[in-house]
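I opened the model today to look up a few local features and to write down what I found for each. The entries follow in the order in which I looked.

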Amino acid sequence: GDKVDFVKGSSLSKKKYSIIYITTLFTYYANEVIETINFYQSYYPSAKIKVGGIFASLMPDYIKSKTGITPHIGLLNSVENCVPDYSLFPHLNYSLTFTTRGCPRKCQYCAVRTHEPKFFTRNTWEKDIDIKKSKIIFWDNNWFFSPNFLKDVEKLKKLNKSFDFNQGLDARLFNAEKARLLSELRIKPLRFSFDS
């Protein structure tokens, strides 16, 4: 129900914003994130600024110490079932979605257990797909763990689009049956995660 603009990085606008959401990716972007938050705080002092994402979930105290903002930690559950607004990204030639969130493994070295602590399936992920786009990119952390794996394979067959599980498929769960099923699909490229 909101009117939304998408901006990458820091950009001034004559528009007045009531809320500015800043999503953070990886910790190695820490300086850019802090600069971006400070920029929007100074140029839009009446706007409510909300910060979330991976870096915010991993280092919330750092962000608060540098900006005064207490970030949101983890997923923003209220938007998990919102379909992406591809009109904000007219040059994007692929759809983005998740069939699952989190990962049951909880590896000590992995940040997923902090920003997506609960593993769950998204049963309606195909609603995120724009049929006009030629490819699908999945951002699942561990699709092979999904109890819906076979159902997802059938959905992908019907969609008949090339796709990529961008985060990698868990090599420990790969077997001959999964290889056979994937060979029937248009997966390109095939990425494995050799985490241990």
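I began at the start of H6, where a side-chain oxygen of Asn 175 reaches to within 3.2 Å of the backbone nitrogen of Glu 177. I count such a polar contact as a pair of N or O atoms within 3.5 Å, where within protein one must be able to donate a hydrogen and the other to accept it, and residues adjacent in sequence count only if both atoms are side-chain atoms. My element names are DSSP runs numbered from the N terminus, helices being H or I with at least four residues and strands E with at least two. I note that this is a predicted model, in which local features need pLDDT of at least 70 and side-chain atom pairs count only at pLDDT 80 or more, while totals for chains, interfaces and linings use all residues. Residues are numbered from 1 along each chain as its sequence is written, and side-chain values use heavy atoms, with hydrogens and water left out.

Staying with H6, I asked which of its residues are buried, and found Lys 178, Leu 181 and Leu 182. They lie on the same side of H6 because they cover an arc of only 95° around the axis, the arc being that of the directions from the helix axis to the C-beta atoms. Buried here means under 20% relative accessible area, exposed over 50%, and partly exposed in between, with a 1.4 Å probe and protein chains only. The face turned away from the buried side carries the exposed residues Ala 176 and Ser 183, and what covers the buried residues of H6 includes H5 and S8.

Next I looked at the loop between helix H6 (176-183) and strand S9 (192-193), which holds Pro 189. A cis peptide bond joins Lys 188 and Pro 189, with omega of about -5°.

Lys 106, in the loop between strand S4 (100-101) and H4, has a positive phi near 60°. Asn 160, in the loop between H5 and strand S7 (162-165), has a positive phi of about 50° although it is not a glycine. Lys 106 is partly exposed at 35% relative accessible area, and Asn 160 is partly exposed at 48%.

Is Ser 146 buried or exposed? Ser 146 is buried, because its relative accessible area is 5%. Ser 146 sits in the loop between strand S6 (135-138) and helix H5 (149-159), and a polar atom of its side chain lies 3.0 Å from the backbone nitrogen of Asn 148. Not counting residues up to four places away in sequence, Ser 146 touches Thr 100, Phe 119, Thr 121 and Asp 152, contact meaning heavy atoms within 4.5 Å.

Last, I turned to Ser 11, in the segment before strand S1 (19-24). Ser 11 counts as partly exposed at 33% relative accessibility, and leaving aside its neighbours within four places in sequence, Ser 11 is in contact with Phe 39, Tyr 40 and Tyr 44. The C-alpha atoms of Ser 11 and Leu 185, 174 residues apart along the chain, are separated by 41 Å.
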